[in-house]
Amino acid sequence: MLGLLALIAAILFVAAEESVRTFGFGFLGGTVWDPVSQVFGAAPFIYGMLVTSALALVLGVPISIGIAIFLSELAPGWLRTPLTYVVELLAAVPSVVYGLWGIFVLAPVMRVYIEPSVQAILGFLPLFRGNPIGSDVFTAGVILAVMIIPTISSVSREALLAVPDTQREAALSLGATRWETTRLAVLRYARAGIFGAVVLGLGRAVGETMAVTMTIGNRNAIFTSLFDPGQTISSLIANNWLEAGSLELSALIELGLVLMLVSLLINAFARFMVGRVLHVGEGAE
Amino acid sequence: MTILAAKIRVEKLSAWYGSKLAIEDINLELEEHAVSGIIGPSGCGKSTLIRCLNRMHETIPKARVEGKVHLDQDDIYELPAVSVRRRIGMVFQKPNPFPTMSIYDNVAAGLRLNGERDRDRLDAAVLASLKQAALWDEVKDSLDKSGASLSGGQQQRLCIARALAVKPEVVLMDEPCSALDPIATAKIEDLIFDLKKDYTVVIVTHNMQQAARVAETTAFMYLGHVIEVGVTRELFERPKETLTESYITGRFG
Amino acid sequence: MTFRFDRDTRRRWFDVAMSVAALACVGIAILPLGSILFEASVRGAQAITPSFLTLPAGSGGIANSIQGTLVLIGLTGLVALPVGILTGIYLAEFGRNRIGGAVRFFVDVMTQIPSIVVGIFAYSFILELGIAGIVSRRLVFSTITAVIALSTIMIPFVARTSEEALRLVTTSTREAALALGIPRYKVILRVVLPSCASALVTGGLLGIARVAGETAPLIMTAFASPDFFTGLDQPIDALPLRVFRFAISPSLADNRAAWGASLILVVMMLGISIASRAVIRLRSVKR
């Protein structure tokens, strides 16, 4: 098992070697991806990955926490299990089906209704300029948000359930309302776990390929508006793999290495944070 | 017995956990500015009873209450639960300070909930409450340390300070010393004695000697009923019921 | 009657508002799920005809995709289930020490590697083998490479579910058997494994359901094919891959077919999940 991991890293490195040789560290900063002139740079895709993930978190985290709070604090007993199951069902849908739905159902809705409305309110920001085309970064971000909701909400829910009832009682006995109790006693106590859940969600968002590549518009440049098409590392790899020449292939593999490293770091951080949930509140007894 | 008015009057109170009857037809009067004790063997319902007095019992799923509890003129079951709990505070068996908050913030928590923002008033209230809880001298230089960094006895006094800060009329204590060592227990018993100047105190305890030490009036409960109520000294020296006598002399419980 | 909008009333209204907001969050999450299931069912059902299910992709059907998926998950299961379960056994029975901890750590890490990276790995692995002359370079796009990729995804998953399943068996069961003088390996084989067999099978089936839905690693290993299965060293088609190809195709007929393929895929995955739950129920009924 260890061997396998090391093997993976080694193989990838070897295969990427050609690209590494050609571009060196400048690869990470290069902004051009052109098979014709054989120049490849990673910057637009690292940027795309960061922006789509950030958008997914901005949209997905509040909803996930709302779901977690509902399921752990507010829902009546009979509703909890079926509702939890339904939310988990979101995780069972394959990425490519999300992508299919994204192309033919979500993107048109985004282009016709949602993006123009957002633009009407927030259009003064450069982030929301330009012509909404539906297959853009914003849509990809929305789909990613939906896909990471089950992850973040289920880990958060566990963190909330781990808060001892005595904490809730303490808040209630001071005359707190149910929401105030949740805010004061539960969310604060569980914040390390919730943070870990968010980072886990980020890890999932970073590695997501199919739904993104089918909705993001596939344009290999640094975009300025969320309504522009864009590209992430994984969507580029999926898009260009089959027609790539040997140098481009090597560059794609190098990108894959970058993605693997990013994902590993994020997940290690998440594991660390979730582990800390167990250590809150241990005073000098 | 009623030189002072009854602060709390319990009328035909019964409470259930689901279908299980825990206390039945309780009638009790608790004096103002006095310490009332409730004793009895495990499972007699004393914790359930005290939790009905600030409407904490109903926060347990499938719990049910019938009857009335009068706080002065009002039936607490006809007021919003949130306002009842502000007037009737509680200290729990196991100290439960908020670990993510500092000592200062713990004490101020209740006040902030009620909208108090003024820094000076908060400072004054925190100072006063910590002094009343006999904790001020020990923590005055470390108010921003975590609430969980104190010893068990200190944490419980912190919880007492937190409950006192909102200036309740009644303070309920559910076996507040059962998790503490004798020295910490003694400190808390001392401060209970001082509390009755400003508050009405009701204390549940499984320790008869403790009731004898701190409470003026004591009620003895058994299997969900109040068997006997009386001035503490008389209850212990000349109990009227045989059940009471058996408990006092240690024949059970 | 005067309406007191004092602080307390405000707090109570806010409390209600927050509860509504939390419920709304649940609604917002269920909305896309409902839409996906609805659209997939309706549009998918429209595309499914007998010829759709029997013709290969070259003629607009998905018969070869279904076959391809079955071949792939069959072969992957053959490789990954034993390896995964054995790893799970190792972790549960012998893994309380430092080495076990390290192995568990690596298994966890591997479950979190993006599937596209696994695909690149499988491709590169065969590529380097090809460059070294050990195998033909053509093999990069073949069933074998795809199975390597899918197995790499499935093994850590099955290892984890197996370890959990084995942990369900209490220590006292193991101790009772050992105390009878039965050798360790037999205890595992004859006592521990059978008592959690249904949980093991469930974990395995869930792993299969999961890799059945994977697309990205297949893009770079299986390559897809318009025809039926021709050989282990040849490209192979698969349902998720076919959904992707049909979806991005400029032909509207293909787009409609994509929905049909996705419906079949979802039904298949659902079927496997339901089967895995039925296994548990069967086991408990037998008792």
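From the N terminus on, chain A of this predicted model runs α-α-β-β-α-α-α-α-α-α-α-α-α-α. That comes to 12 helices and two strands. Chain C also has 12 helices, but zero strands, and H1(C) gives the largest share of the side of chain C that touches chain A. Chain B touches chain A too, with 26 residues from chain B and 21 from chain A in the contact.

**Chain A on its own**

- Buried residues account for 56% of the 285 residues in chain A.
- Take the contacts in chain A between residues at least 6 apart in sequence: 75% of them join residues at least 24 apart.

**Where H5(A) meets H6(A)**

- Helix H5 of chain A covers residues 95-122 and helix H6 of chain A covers residues 137-161; the two pack at an angle of about 125°, with 10 Å between their axes.
- Angles over 145 degrees would count as roughly antiparallel and 65 to 115 as roughly perpendicular, so H5(A) and H6(A) end up oblique to each other.
- As for handedness, H5(A) and H6(A) make a right-handed crossing.
- On the H5(A) side, the residues involved are A:Tyr98, A:Gly102, A:Leu106, A:Ala107, A:Met110 and A:Glu115.
- Facing them from H6(A) are A:Phe138, A:Thr139, A:Val142, A:Ile143 and A:Met147.
- Sorted by class, this contact of H5(A) with H6(A) has eight nonpolar residues, two polar ones and one charged one.

**Chain C on its own**

- Reading along the sequence of chain C, you get α-α-α-α-α-α-α-α-α-α-α-α.
- Along the principal axes, the C-alpha trace of chain C spans about 90 × 70 × 40 Å.
- Of the 287 residues in chain C, 45% count as buried.
- For contacts in chain C between residues at least 6 apart in sequence, 74% link residues at least 24 apart.

**Chain C against chain A**

- In this interface, 55 residues of chain C are in contact with 52 residues of chain A.
- Six helices of chain C each supply at least two residues to the side that touches chain A: H1 (7-47), H4 (98-111), H5 (115-131), H10 (216-219), H11 (239-248) and H12 (252-286).
- H1(C) gives the largest share, with 20 residues.

**Chain B against chain A**

- Here the contact takes 26 residues from chain B and 21 from chain A.
- The chain B elements giving two or more residues to the side that touches chain A are helix H2 (81-87), strand S6 (88-91), H3 and H6.
- Which of these gives the most? That would be H2(B), with four residues.
- By class, the side of chain B that touches chain A splits into 12 nonpolar, 11 polar and three charged residues.

- H3(B) is mostly covered, with nine of its 11 residues buried.
- Those buried residues are B:Ile103, B:Asp105, B:Asn106, B:Val107, B:Ala108, B:Ala109, B:Gly110, B:Leu111 and B:Leu113.
- They pack against helix H8 (178-189) of chain A, along with helices H4 (119-132), H5 (136-139) and H6 of chain B.
- Just after H3(B) comes B:Gly115, which takes a positive phi of about 95°.

**H3(B) packed on H6(B)**

- H3(B) spans residues 103-113 and H6(B) spans residues 152-165; they pack at an angle of about 30°, with axes 7 Å apart.
- That angle makes H3(B) roughly parallel to H6(B), since the cut-off for roughly parallel is under 35 degrees.
- H3(B) passes H6(B) in a right-handed crossing.
- H3(B) brings B:Ile103, B:Asn106, B:Val107, B:Ala108, B:Ala109, B:Gly110 and B:Leu111 to the contact, and H6(B) brings B:Leu158, B:Ala161, B:Arg162 and B:Ala165.
- The contact of H3(B) with H6(B) sorts into eight nonpolar, two polar and one charged residues.

Conventions: Residues are numbered from 1 along each chain as its sequence is written. Chains are lettered from A and ligands numbered from 1 in the order in which they are written. This is a predicted model: local features need pLDDT of at least 70, side-chain atom pairs count only at pLDDT 80 or more; totals for chains, interfaces and linings use all residues. Axes are lines fitted to C-alpha atoms, for helices over the stretch in contact, and angles run from 0 to 180 degrees between N-to-C directions. A crossing is left-handed if the near helix is turned anticlockwise from the far one by less than a right angle, and right-handed if clockwise. Two residues are in contact if their C-beta atoms, placed from the backbone, lie within 7 Å. Ala, Val, Leu, Ile, Met, Phe, Trp, Tyr, Cys and Pro count as nonpolar, Asp, Glu, Lys and Arg as charged, and the others, Gly among them, as polar. A residue is buried if 20 or more other C-beta atoms lie within 10 Å of its own, exposed if 12 or fewer, and partly exposed in between; C-beta atoms are placed from the backbone.
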